[in-house]
Amino acid sequence: MIDMFQALWDFLFPARCPLCHKYVQNKGDWCEQCLRQACQPMRLPVSAPMQPILGNAWALSVYRGGTRELIRRLKYRQQRSALPYIRRLLSTAAKDEGIAALLAWCEIAVPVPLHVSRERQRGFNQAELIFGEWLQEHGVSMVRALQRVRSTQPMYQLTLEERRTNLKGAFAVCAAAAVADKRVLLIDDILTTGATLAACCQELERAGAAEIRVLVLASDHHF
Ligand SMILES: [Zn+2]
């Protein structure tokens, strides 16, 4: 019965590329061309004054087109149906030399935390949801070592300086023993100015992390 229902469902809603809506083989597949366009693993060119803090930051994609749409669907509309596409992008990106090296390098991954009330409202932390399974497949355990102790104003209209002030004291390490002397991969969905990630890096450093690198799904940076 379930198989029949599934067959009917697949007939009514065949698998399509999330961007150009071309028919594809399986649910979660992108067409080759769109995936190639979306999957662009790169080390981010971070300039001063962020350079000393975010010197080693990587993105798997650029925050536009298909990637932006998928992140928005997941984050603002809580559509978990976006996840298989995101995970396909991740598994493709893992074949990149730089990303493979990053995965081999890190000992633990720490997600940028949401404030408790925001996470409750959304139902998940998007960084965890995006990267959790993928990191596990590569033998990297995720540790919720950071906490957002203060909720902050929305940042989109603030200058970099205002963002920094806004973030002062916003994060705290809540699992210092798990972080001390470890090579930590800090993860988030997107990087814009880098102010949030920088604030998290500083807390992890203070807790004694051996080295910190940053990985985001998509970058929209204006350094
Ligand atoms: Zn396509």
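The crossing of helices α4 and α7 is right-handed, a crossing being left-handed if the near helix is turned anticlockwise from the far one by less than a right angle, and right-handed if clockwise. In this predicted model, local features need pLDDT of at least 70 and side-chain atom pairs count only at pLDDT 80 or more, whereas totals for chains, interfaces and linings use all residues. Residues are numbered from 1 along each chain as its sequence is written, and side-chain values use heavy atoms, with hydrogens and water left out. Helices (H or I, at least four residues) and strands (E, at least two) are DSSP runs, numbered from the N terminus.

The axes of α4 and α7 come within 10 Å and cross at roughly 50°; axes are lines fitted to C-alpha atoms, for helices over the stretch in contact, and angles run from 0 to 180 degrees between N-to-C directions. The two helices are therefore oblique to each other, given that angles under 35 degrees count as roughly parallel, over 145 as roughly antiparallel, 65 to 115 as roughly perpendicular and the rest as oblique. On the α4 side, Leu 83, Ile 86, Arg 87, Leu 90 and Ser 91 meet Leu 129, Ile 130, Phe 131, Glu 133 and Trp 134 of α7, contact meaning heavy atoms within 4.5 Å. By class, this contact of α4 with α7 has 7 nonpolar, 1 polar and 2 charged residues (Ala, Val, Leu, Ile, Met, Phe, Trp, Tyr, Cys and Pro count as nonpolar, Asp, Glu, Lys and Arg as charged, and the others, Gly among them, as polar).

The structure holds 1 aromatic pair. The ring centres of Phe 131 and Trp 134 are 5.8 Å apart and the planes stand at 50°, so the pair is tilted; rings of Phe, Tyr and Trp (its six-membered ring) pair if their centres lie within 6.5 Å, and planes under 30 degrees apart count as stacked, over 60 as edge-to-face and the rest as tilted. Because Phe 131 and Trp 134 are 3 residues apart in helix α7 (residues 126-137), about one helical turn separates them.

Helix α4 (residues 83-93) also approaches helix α3 (residues 65-77), with axes that come within 9 Å and cross at roughly 135°. This angle makes α3 oblique to α4, and the crossing is left-handed. Thr 67, Leu 70 and Leu 74 of α3 make the contact with Leu 83, Tyr 85, Ile 86 and Leu 89 of α4. The contact of α3 with α4 comprises 6 nonpolar, 1 polar and no charged residues. In the loop between α3 and α4 lies Gln 78, a residue other than glycine whose phi is positive, near 50°.

A further helix contact involves α8 (residues 160-167) and α10 (residues 195-206), whose axes come within 10 Å and cross at roughly 40°. Helix α8 is thus oblique to α10, and their crossing is right-handed. Leu 160, Arg 163 and Leu 167 in α8 meet Ala 195, Thr 196 and Ala 199 in α10, and these residues divide into 4 nonpolar, 1 polar and 1 charged.

Ala 48 and Pro 49 are joined by a cis peptide bond, with omega about 0°. Pro 49 is placed in the loop between β1 (42-43) and β2 (57-62). Most residues other than glycine have a negative phi, and most peptide bonds are trans.

The chain averages a pLDDT of 91, and 98% of the residues score at least 70, pLDDT being the predictor's confidence in each residue, from 0 to 100.
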